[in-house]
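Visitor: I have a sequence and a model to look at. Could you take me through it in questions and answers?

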Amino acid sequence: MSELMIQPTAPLQIQWPQSPPVAVPQPMGPNSTQTVCTTCGNYIYTSTSKKAKSSAWWSCILMCFCGCFCGCCLIPCCMDSCNVVNHKCPKCDSFLGQYRP
């Protein structure tokens, strides 16, 4: 009879995939900011857009109930303190951050 020879093998080594480097969020201001896009990795100046907070709209409704018609009630929507500024990448259009005064 022939005997079965078992040869010792090297221990199994497992390599875990390395995670990509995490980009540290930079503080965003009211104006366009130079940064690195976390999605596409390009050095860009962010594109900004303003949007009224819900407090501006509630102020508008309250002013309408108090008798401020003729457009006066829309003043809170024009104030910087009642708006948020959203920052997006101009190349891939991904959301990068928000500035709330």
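Visitor: Is I61 buried, partly exposed or exposed, and why?

Guide: This is a predicted model, and I61 is found in helix 1, residues 54-65. Buried would need under 20% relative accessible area and exposed over 50%. The relative accessibility of I61 is 39%, so I61 counts as partly exposed.

Visitor: What is the accessible area of the nonpolar patch that I61 belongs to?

Guide: The patch lies on the surface and is formed by W58, I61 and F65. Taken together, these residues have an accessible area of about 420 Å².

Visitor: Which residues does UniProt list for "transmembrane region", and how far apart are the end C-alpha atoms?

Guide: The unreviewed UniProt entry gives residues 56-78 under that name. In the model, the span is 61% helix and 0% strand. The end C-alpha atoms of residues 56-78 lie apart by 9 Å.

Visitor: Which are the edge strands of the open sheet?

Guide: The sheet has three strands in the order 3-4-5, with antiparallel pairing. An edge strand pairs on one side only, and this holds for strand 3 (47-52) and strand 5 (95-99). From one strand to the next, the twist averages 25°. The edge strands are thus strand 3 and strand 5.

Visitor: Which residue of strand 5 stands opposite N86?

Guide: Strands of a sheet pair through backbone hydrogen bonds, either parallel or antiparallel. Strand 4 (residues 83-88) pairs with strand 5 in the antiparallel sense, over four bridges. The residue of strand 5 opposite N86 is Q98.

Conventions. Residues are numbered from 1 along each chain as its sequence is written. This is a predicted model: local features need pLDDT of at least 70, side-chain atom pairs count only at pLDDT 80 or more; totals for chains, interfaces and linings use all residues. Side-chain values use heavy atoms; hydrogens and water are left out. Patches are made of residues with over 30% relative accessible area and no salt bridge: like charges are joined within 9 Å, nonpolar side chains (Val, Leu, Ile, Met, Phe, Trp, Tyr) within 5 Å. Accessible areas come from the Shrake-Rupley method with a 1.4 Å probe; for residues, only the protein chains shown count as cover. A salt bridge is a side-chain nitrogen of Lys or Arg within 4 Å of a carboxyl oxygen of Asp or Glu. Helices (H or I, at least four residues) and strands (E, at least two) are DSSP runs, numbered from the N terminus. Buried means under 20% relative accessible area, exposed over 50%, partly exposed in between (1.4 Å probe, protein chains only). Two strands pair if DSSP finds at least two bridges between them. Axes are lines fitted to C-alpha atoms, for helices over the stretch in contact, and angles run from 0 to 180 degrees between N-to-C directions. UniProt positions are given in the numbering used here, feature names are shortened, and annotations may be inferred rather than shown by experiment.
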